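Dear colleague,

Please find the structure below for your review. My notes on its charged side chains follow.

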Amino acid sequence: MKKSTLIYISLSLFTVFFASFIALMLYRNALLAVNLEHGRYSACFDDEAATEHMMPTWLDKEAFTVRFVPVGGHDCLAPNFPAIEVSSHKVTHWLHIVTTSGEQQFSGKHASFGNGQSGWTFVDVGSQERRNNSYPFYSEGDVFRDNPSWTAPPHRTLRWEGMLFGLSEVDGIFYPVGGISWGFSLFRWSLIPQPILPKSLARRHWLAVVGALNEEYPYKFSVDVVSN
């Protein structure tokens, strides 16, 4: 076979592969596009696939109420991504620490959290303004809701896992009520993410981060749980 023929075949195969790669990337990006204009949490959880169950806190006779949608519908803010709602009358503030295998997307103050040995970890607060003001909380009140939208090149696997801690403010000190982990994995060459189902966190997970929180933020976080 002539050298020119081999070159032509190689270029043709590369062109086909590259075109397929671009087509897959565009199609997946369309599937995972955010729905900021029409998406609503209320509609997102009004889904036959939504589950609701109780998960233990670190307090006696207290539990989180957890609603979870494994694959968000078209009415979600982030269709095809999982959505979660956690509530507790004991909680006044929610702190959400996320670790992802994806590339760092923030810069500046509080762009990352901890030592970052197992990926990029950050305190999820929703805006750069909050990070600049050293505000560590995702939300206030007794209900937490999230429906994250993240993506990666088709040939890379993206893992996104959140550690959610419900806190109770008493006299300016934030005491832990309990914690839940959850998230998703977007495997390479796949179209939509696979959910990581909610799971209760142990107190050791809080003890592993509370020291760094007290060092990095102008708030007082306690190692002790809130009293009943």
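Arg145 is partly exposed, with a relative accessible area of 35% (buried means under 20%, exposed over 50%, partly exposed in between, with a 1.4 Å probe and protein chains only). This is a predicted model, in which local features need pLDDT of at least 70 and side-chain atom pairs count only at pLDDT 80 or more, while totals for chains, interfaces and linings use all residues. Residues are numbered from 1 along each chain as its sequence is written, and side-chain values use heavy atoms, leaving out hydrogens and water.

The side chain of Arg145 forms a salt bridge with that of Glu85 (2.8 Å, N to O); the term denotes a side-chain nitrogen of Lys or Arg within 4 Å of a carboxyl oxygen of Asp or Glu. Glu85 is buried, at 10% relative accessible area. A salt bridge also joins Glu85 to Arg67 (3.4 Å, N to O), and Arg67 is partly exposed at 25%.

The whole structure holds four salt bridges. Among them is the one between Glu103 and Arg156 (3.2 Å, N to O). Glu103 is exposed, at 58% relative accessibility, whereas Arg156 is partly exposed at 43%.

Arg131 presents another case: this residue is buried yet has no salt bridge, and the nearest side chain of opposite charge, Asp124, is 6.0 Å away (Lys and Arg count as positive, Asp and Glu as negative; His and the chain ends are not counted).

Yours sincerely
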